[in-house]
Amino acid sequence: MGALLLNTPEDAISLLEFYRRMALLRAFEEARLALARSGRLAGEQFLALGQEATAVGLTAALAPGDRLFPSRRGLALRVAAGLSPDEGLREAGRGGLGHSTPAGHLPIAVGAALAARLAGESRLSLAEFGDGAAEDGILLESLQLAVRWESPVLFACVNNGYAGTTPSPTRSGEAAIHAARGLGLPVARVDGQDGTAVLEATRALLDEIRSRRGPAFIECATYCVAPHVVAAGTSHSEERPSPELDFWRNRDPLRRFRSRLLQDELAREETLDVLAEAAAAEVAEAARRVYGAADPSASVALTRARPTDSGGDA
Amino acid sequence: MNRPDYAGAVRRALQDAVERRPELLLLQAGDDGAATGGATFRAEGCAAVAGAALGLAVAGRQSLVTLGPPVAALAALQRLAPELEKARPVSWIIRVLLDGTGPAVGQFAGLGVGRVLAPATPADAEALLGRAVGEEGAWLYLEERRLHPCQEKAPHPATGRPGAICRLAGSDVTLIAAGAMLVAALRAARVLSGRGIEAEVIDLRLIAPLDLETLSRSLYRTHRALVIDEGDTPLGPSVAAALTEAAFDELDAPIGVVRVAPGTASLAETLERAVPAIVTQACWLLGRPSNVAG
C-alpha cells in the first residue's frame with residue numbers, strides 16, 4: 001500500500017487509492033465520450049475529462065453522510081464518491097444529468113445543510129459548480145443564505161477554463177471567490193491538477209466548516225480536454241487552440257500524480273499499471289453490460305439510444 | 001360581531017401551524033404584507049429560498065415557505081421543476097401571495113409542485129392551510145391578497161377536505177371558479193338570477209388535481225358549464241377538457257372558458273372586468289339576450 005496522506009486513519013485515503021479513482025474516472029469519461037459520439041447516449045454530455053484530480057480530491061475529503069450536490073458536469077464526482085460505473089453510464093444515457101440549470105442546485109445544497117445543522121448532525125453539503133455557473137445570480141443568493149443561516153456548505157467552483165465555449169478570463173465567474181471572501185467565507189484557490197493539493201485544501205475547509213458553522217469556498221483551476229458538450233448528431237467538437245491543449249496535456253493530472261509516486265518511490269510502476277488496467281477493464285465491463293457492446297467506440301449509431309436495465313445483448 | 005377577515009384567517013392558521021408543528025420551519029422570500037411576519041428564515045430572492053426549501057425537504061425537514069411577489073414565485077418554482085422531479089416525493093408547503101397584478105391562480109396549476117389549493121373565503125383560507133400543515137405531502141397554497149379584507153359573507157361549514165364544493169345551487173349553468181374569481185362568479189350568478197337564469201357556482205378550492213367528481217355531479221344538474229379563468233392560463237382549457245372527458249354525455253353545449261383580463265390589485269376593478277364577461281358568456285351559452293345594461 002502507498003503512504004497515507006494524513007495521519008488520522010479513519011479518514012485517510014491512500015495514494016494508490018487516489019490514483020485508482022483518478023484512473024477510473026479517466027476511463028469512465030473516455031467511455032462516455034465514445035458512447036456519446038457513437039450516438040448511444042441521449043441528451044448532452046458534459047464531460048470532466050482531464051479534471052480527475054479535482055473530482056477525486058474534492059470527494060475524497062467527504063465523510064460518510066455528507067451530501068454531494070454535483071453540477072451537470074459533475075457525474076465524475078459521483079463516480080469518484082462511489083457511484084458504480086454501471087449506474088453512472090445508465091444515468092449518462094438518460095441525459096439531463098443531475099441538474100438542468102448550471103447553478104440551480106446551489107440553494108438546494110444550502111437547504112440540506114441547514115436541515116443537517118438544525119438536526120444536530122455533523123454532515124455537510126458539497127456543492128460543485130463550474131465557473132460559468134458562478135456568473136448566475138443564484139450563487140450570490142445561495143452564499144448569502146448559507147452565511148445568514150449558518151449552513152455547513154462547501155461551495156466548490158471547478159474552473160475548467162471555459163464558461164460554455166468562452167474562455168473564462170473573458171467572463172466573470174472567476175470573480176466569485178472574491179464575492180465569497182467579501183461575505184466572510186474562508187476561501188482557497190488551488191491547482192486543480194494537483195490531487196493532493198485539492199484534497200488537503202478541501203479537507204482544511206471542511207474542518208473549518210465543521211468547527212465554525214457556516215460555509216466555505218474553494219476554487220480549483222483545471223481544464224477539460226473534451227469539448228464543452230458532446231451530443232449525438234451535432235458537431236460540438238469545437239477545436240481548442242492546440243498550444244492550449246498541449247499546455248494542459250503536459251499538466252495531465254494522472255500522469256503528474258503517477259510520476260510523483262514513482263519519483264518519490266511510493267509505488268512501483270507495475271502496481272500503477274495494474275491499477276489503471278483494472279479500472280479501465282471495470283469501465284469497459286460496465287459499458288458492455290449497460291450498452292451491450294464490447295467496444296463502446298464501435299459506431300453503432302442510434303441502434304441503442306437508451307440503456308437497458310437488464311444488461312447487454314451480448 | 002367581529003368576523004375575521006381573510007388575512008386574519010391566514011394569520012390564525014399560521015399561528016396554529018407553529019403551535020401544532022414546532023418542527024415546521026417557516027421560510028420567507030419577499031414581503032407577505034400584514035398577513036404574518038414571524039418567519040424564522042427570510043431572504044429576498046425567491047429562487048434561492050425555494051431551492052433551500054427543496055434542500056430541506058430532501059434532507060427530511062418540512063418547511064412552510066412564503067414566496068412573493070407572484071411573478072418571482074412563479075419563476076422560482078418553474079426553475080425548480082426539474083430538480084423537484086428528481087427529488088420526489090417531497091413534503092413541503094409553498095405559500096404564494098397573489099395580488100392580481102402578477103400571474104394568476106391558473107398559472108400555478110401545472111407546475112407539479114404539489115396539490116394546489118386556492119381558497120376564496122376566510123373559513124377556507126384557514127381550513128385549507130390547516131389541512132396542508134396537518135398532512136405530509138407537497139402543497140401549493142395560493143393566497144389571494146385582493147381578498148385579504150373580505151369577511152365571511154355566507155357562512156359555509158368550513159371543511160378541510162381538499163376538493164371542490166358547491167357554493168350556490170342552480171339548474172341552468174355551472175360556473176366554475178377559484179380564488180378571487182369565485183367572488184366574481186357569485187356576483188355574476190346574482191345578476192343572472194335577475195334575468196331568470198339560475199347559475200350553480202362551484203368553488204374549485206383544489207385546482208390540481210381536479211375534483212372531477214364534484215364537477216361532474218354539478219353537470220348532471222345543469223348540463224352546461226363555464227370555467228372562469230383570470231388571465232390566459234392553462235387552467236381554463238384543462239378544466240374544460242377534463243370535464244368534457246368525464247361527463248361528455250351530460251353536456252348540452254361545449255364547456256366554455258371565460259377569460260377575465262388580469263392586471264389589477266383592486267378587487268372592485270377585478271369584479272368590474274369579470275362579472276359582465278361571465279354574464280355575457282352565460283347568456284350566450286343559454287341562447288338568451290345578453291344586453292348587460294338592463
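User: What should I know about the model and its numbering before I start?

Analyst: It's a predicted model, where local features need pLDDT of at least 70, side-chain atom pairs count only at pLDDT 80 or more, and totals for chains, interfaces and linings use all residues. Residues are numbered from 1 along each chain as its sequence is written, chains are lettered from A and ligands numbered from 1 in the order in which they are written, and side-chain values use heavy atoms, leaving out hydrogens and water.

User: How much area do chain B and chain A bury between them?

Analyst: The size of an interface is often given as the accessible area lost when the parts come together. Buried area is that loss with a 1.4 Å probe, summed over both parts. Here chain B and chain A bury about 1700 Å², with 68% of it on carbon and sulfur atoms. On the chain B side, Phe41(B), Arg79(B) and Glu83(B) lose the most area to chain A, together 33% of what that side buries. If you go by contact (heavy atoms within 4.5 Å), 22 residues of chain B meet 22 residues of chain A.

User: Which residues form a salt bridge, and how far apart are the closest N and O atoms?

Analyst: The rule wants a side-chain nitrogen of Lys or Arg within 4 Å of a carboxyl oxygen of Asp or Glu. It finds one across this interface: Asp136(A) pairs with Arg79(B), the closest N and O atoms being 2.8 Å apart.

User: Which element gives the most to the side of chain B that touches chain A?

Analyst: Helices (H or I, at least four residues) and strands (E, at least two) are DSSP runs, numbered from the N terminus. On that side, β1 (25–29), β2 (41–43), α2 (46–58) and α3 (70–87) of chain B give two or more residues each. α2(B) gives the most, with nine residues.

User: Where are the cis peptide bonds in chain B?

Analyst: Look at omega. The bond from Gly68(B) to Pro69(B) is cis, with omega near -5°, and Pro69(B) sits in the loop between β3 (63–67) and α3 of chain B. Ala208(B) to Pro209(B) is cis too, again with omega near -5°; Pro209(B) lies in the loop between β10 (206–208) and α6 (212–222) of chain B.

User: Is Arg213(A) buried, partly exposed or exposed?

Analyst: Buried means under 20% relative accessible area, exposed over 50%, partly exposed in between (1.4 Å probe, protein chains only). Arg213(A) is partly exposed because its relative accessible area is 47%. Its phi is positive, about 55°, although it is not a glycine.

Definitions and conventions: Buried area = accessible area lost by both parts, 1.4 Å probe.
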